Amino acid sequence: MSNAIAALNYATLDDAVATLGSTATTLTISTALSVAMNTTVPSTLTLEFTGSGSLVIPNGVTLTINGSIKAPLTTIFTIPGTGVLRLGPRCSAKLYPQWWGAKADGIADDQGAIQAALDIAANGHTNGASSIVFLPAGNYVISSRLKVPPGVSLIGQGLEGSVIIPTSCDAITMWGSDWAGGFALRNIIRGIQVDMVNASSNVAVNINTGYMIKIEDCMFWNCGAGGIVMASTATNCTIWHTTVTGLDAATGTGISISGSSSVNFFDVDVEAFQDGIHCTGGFTYGFFGLYMERNSSRGLVLDACQGCTIQGAVLNTPNGTSPNAIALINGTVKTVILGGTYSTQASPAPTIAIFDSGGSATNYVLKAFVNGGISAGVTVI
């Protein structure tokens, strides 16, 4: 830019800010530049990073950037100790873990870099700055769980391959106990893939005490213990256009939910577990366009649930001792199954495709294709 000023002309960033004042200009940072004291970059100053340009924020120093940031996908922030970085509303529409040193090469541990971006995004949620952390395509190895703060979105490039690879840990967590308010809320996880090949005893997504959380257009595979867990008061949450696959080892549960309400599934595919989806307690779960196969025991289990809806699903269970496409157990009532295909392939003959342990005639099947029989307690309309 014609009015750009080289940071090489200044000893520190605070020196540059003090000299330039409120002049509308661009500061080009091409090498490491230290921040010697608490500094606020005004909205009139754009920081443009080139080459090996970066800002070093030492112990005890707070840097607030209110101007725009222009930067490639390289390290631009180095915070070795207790330094603090705050970004204002004008900085960037998205935050990239690469700015904090993520390599996305399938080798380096990127957990710290991704978490740093998530934590900065948490501040953005409260002050109007960006609350989106974007993972460009690559393989992100992590050695401990990612804690997604309230109001923050973690978004990847979908099928182009933003892959998180955890090592002996859960991958993405939204736990109310991690945050002062006691709730995980208003998070969006979109376009992310998780490969659990090195963490088969853990889960890809773990939600506890969550509200208004959305998981969209994601893929989770090589899940041994399970893919998604929602426990203890997950409310008004949505899973859309997402695939969860296990190890074809008759182990684990694809998606587990307990004590929650108003959790809805749209076009979700769950395969190769012992149970596909298991809901324990809670009410008003909705399943629309659900697809399941290769789950060795049961497809969908509603355990002590009420007021649930299953519409247009395709649930197939493979050969087994007593598989059910749908199991309504322990007093599950007021379930409506509308349309769809439900079948078992147990040998020598199909077992009960839709099983109701209660026999109270308070669960209903309407206009569905069922191969394998329906329990006497289910009302067929």
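This is a predicted model: local features need pLDDT of at least 70, side-chain atom pairs count only at pLDDT 80 or more; totals for chains, interfaces and linings use all residues.
Me: Which residues form one aromatic cluster?

Reply: A search of the whole structure finds eight aromatic pairs. The cluster brings together Phe 49, Phe 77, Tyr 96, Trp 99, Trp 100 and Phe 134.

Me: Is the pair of Phe 77 and Trp 100 stacked, tilted or edge-to-face?

Reply: Let's take the distance and then the angle. The ring centres of Phe 77 and Trp 100 are 5.3 Å apart, with 40 degrees between the planes. Stacked needs under 30 degrees and edge-to-face over 60, so the pair of Phe 77 and Trp 100 is tilted.

Me: How many residues apart in sequence are the parts that the pair of Phe 77 and Trp 100 ties together?

Reply: Phe 77 belongs to strand 9, while Trp 100 sits in the loop between strand 10 (84–87) and strand 11 (105–109). Both Phe 77 and Trp 100 are buried. Because of where the two residues lie, their pair links parts separated in sequence by 23 residues.

Me: And what is the angle between the planes of Tyr 96 and Trp 99?

Reply: Trp 99 is buried, with a relative accessible area of 2%. Its pair with Tyr 96 is edge-to-face, at 5.3 Å centre to centre. The angle between the planes of Tyr 96 and Trp 99 is 65 degrees.

Me: Which residue lies over the face of Phe 134?

Reply: Phe 134 is a member of the aromatic cluster. At 4.4 Å from its ring centre, over the face, lies Lys 94.

Me: Where strand 9 is concerned, which are the edge strands of its sheet?

Reply: The sheet is open, with three strands in the order 3-6-9 and parallel pairing. Strand 3 joins strand 6 (residues 54–56) through three bridges, and Ala 32 has Ser 54 as its bridge partner. The strands that pair on one side only are the edges: strand 3 (32–34) and strand 9 (77–78).

Me: Let's move to Asn 187: which residue's backbone oxygen lies 3.0 Å from a polar atom of its side chain?

Reply: Asn 187 is placed in the loop between strand 18 (184–185) and strand 19 (188–190), and it is buried, with a relative accessible area of 0%. Asn 187 touches several residues, including Pro 149, Met 174 and Ile 213. The backbone oxygen at 3.0 Å from its side chain belongs to Val 152.

Notes: Residues are numbered from 1 along each chain as its sequence is written. Side-chain values use heavy atoms; hydrogens and water are left out. Two strands pair if DSSP finds at least two bridges between them. Helices (H or I, at least four residues) and strands (E, at least two) are DSSP runs, numbered from the N terminus. Rings of Phe, Tyr and Trp (its six-membered ring) pair if their centres lie within 6.5 Å; planes under 30 degrees apart count as stacked, over 60 as edge-to-face and the rest as tilted. Buried means under 20% relative accessible area, exposed over 50%, partly exposed in between (1.4 Å probe, protein chains only). A charge sits over a ring if NZ of Lys or CZ of Arg is within 6 Å of the ring centre and within 35 degrees of the ring normal. Contact means heavy atoms within 4.5 Å. A polar contact is a pair of N or O atoms within 3.5 Å; within protein, one must be able to donate a hydrogen and the other to accept it, and residues adjacent in sequence count only if both atoms are side-chain atoms. Lists of a residue's contacts leave out its neighbours within four places in sequence.
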